[in-house]
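Please keep the sequence and the structure at hand while reading.

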Amino acid sequence: MFTARVGGRAPVAIRLSAHTAQLIRGRSGGRVLDEQPLSPGAAHHVLLTVRGSRIVALVDGAVRLSAPSRHGAGDTGGIALSIVRDRADRRWPVFTGLRVTPRGNPPASAES
């Protein structure tokens, strides 16, 4: 799970499963803001952009999820990565890379 605006008034997280992507308000039990199906797979690529009052997640270069901040562009915070497995017999999810770019330099594919 990726969480943006950690420590702010309204953190937003993206939660992935093998076949679904969700943007949720708050932590894992929060309100679902957007949900999209994914092509089933053991691995997914996520591009998360926080710009002004909007958070956009692009999954596998094709699935777009988006949500506005409840508190506008002034709602700030950090980022967090976390992993959860719902059953002990499943393998732990793995993050294989992380890149953070400075404000004003988002990848073009997440801007639409």
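Strands β2 and β3 form a hairpin, with three residues between them. The model is predicted. Val-12 stands opposite Arg-25 of β3.

On its pairing with another strand, β3 meets β4 (residues 32-37) in the antiparallel sense, over five bridges.

**Burial of β3**

Strand β3 covers residues 20-25, and six of its six residues are buried, so the strand is largely enclosed by the rest of the structure. Buried here stands for under 20% relative accessible area. Both faces of the strand are covered. One side carries Thr-20, Gln-22 and Ile-24, the other Ala-21, Leu-23 and Arg-25, and all of these are buried. For the protein chain as a whole, buried residues make up 29% of the 112 residues.

**The open sheet**

Three strands form an open sheet in the order β5-β6-β7, with antiparallel pairing. The edges are held by β5 (46-51) and β7 (63-68); each has a single partner strand, so one side of each is left without a neighbour in the sheet. On average, neighbouring strands of this sheet are turned by 15° against each other, direction ignored. Strand β6 (residues 54-59) pairs with β7 over six bridges, again in the antiparallel sense. Val-59 stands opposite Val-63 in β7.

| Strand pair | Sense | Bridges |
|---|---|---|
| β3 and β4 | antiparallel | five bridges |
| β6 and β7 | antiparallel | six bridges |

**Chain and surface**

The protein chain has zero helices and eight strands. Among its contacts with a separation of 6 or more, 42% are between residues 24 or more positions apart.

The chain exposes about 7,200 Å², of which carbon and sulfur atoms supply 52%. A nonpolar patch on the surface is formed by Ile-79, Leu-81, Ile-83, Trp-92, Phe-95, Leu-98 and Val-100, which together have about 690 Å² of accessible area. Val-100, one of the patch residues, lies in the segment after β8 (78-81). Is Val-100 buried or exposed? Its relative accessibility is 59%, so Val-100 counts as exposed; the cut-off for exposed is over 50%.

Terms used:
Residues are numbered from 1 along each chain as its sequence is written. This is a predicted model: local features need pLDDT of at least 70, side-chain atom pairs count only at pLDDT 80 or more; totals for chains, interfaces and linings use all residues. Side-chain values use heavy atoms; hydrogens and water are left out. Two strands pair if DSSP finds at least two bridges between them. Helices (H or I, at least four residues) and strands (E, at least two) are DSSP runs, numbered from the N terminus. Axes are lines fitted to C-alpha atoms, for helices over the stretch in contact, and angles run from 0 to 180 degrees between N-to-C directions. Patches are made of residues with over 30% relative accessible area and no salt bridge: like charges are joined within 9 Å, nonpolar side chains (Val, Leu, Ile, Met, Phe, Trp, Tyr) within 5 Å. Accessible areas come from the Shrake-Rupley method with a 1.4 Å probe; for residues, only the protein chains shown count as cover. A salt bridge is a side-chain nitrogen of Lys or Arg within 4 Å of a carboxyl oxygen of Asp or Glu. Buried means under 20% relative accessible area, exposed over 50%, partly exposed in between (1.4 Å probe, protein chains only). Contact means heavy atoms within 4.5 Å.
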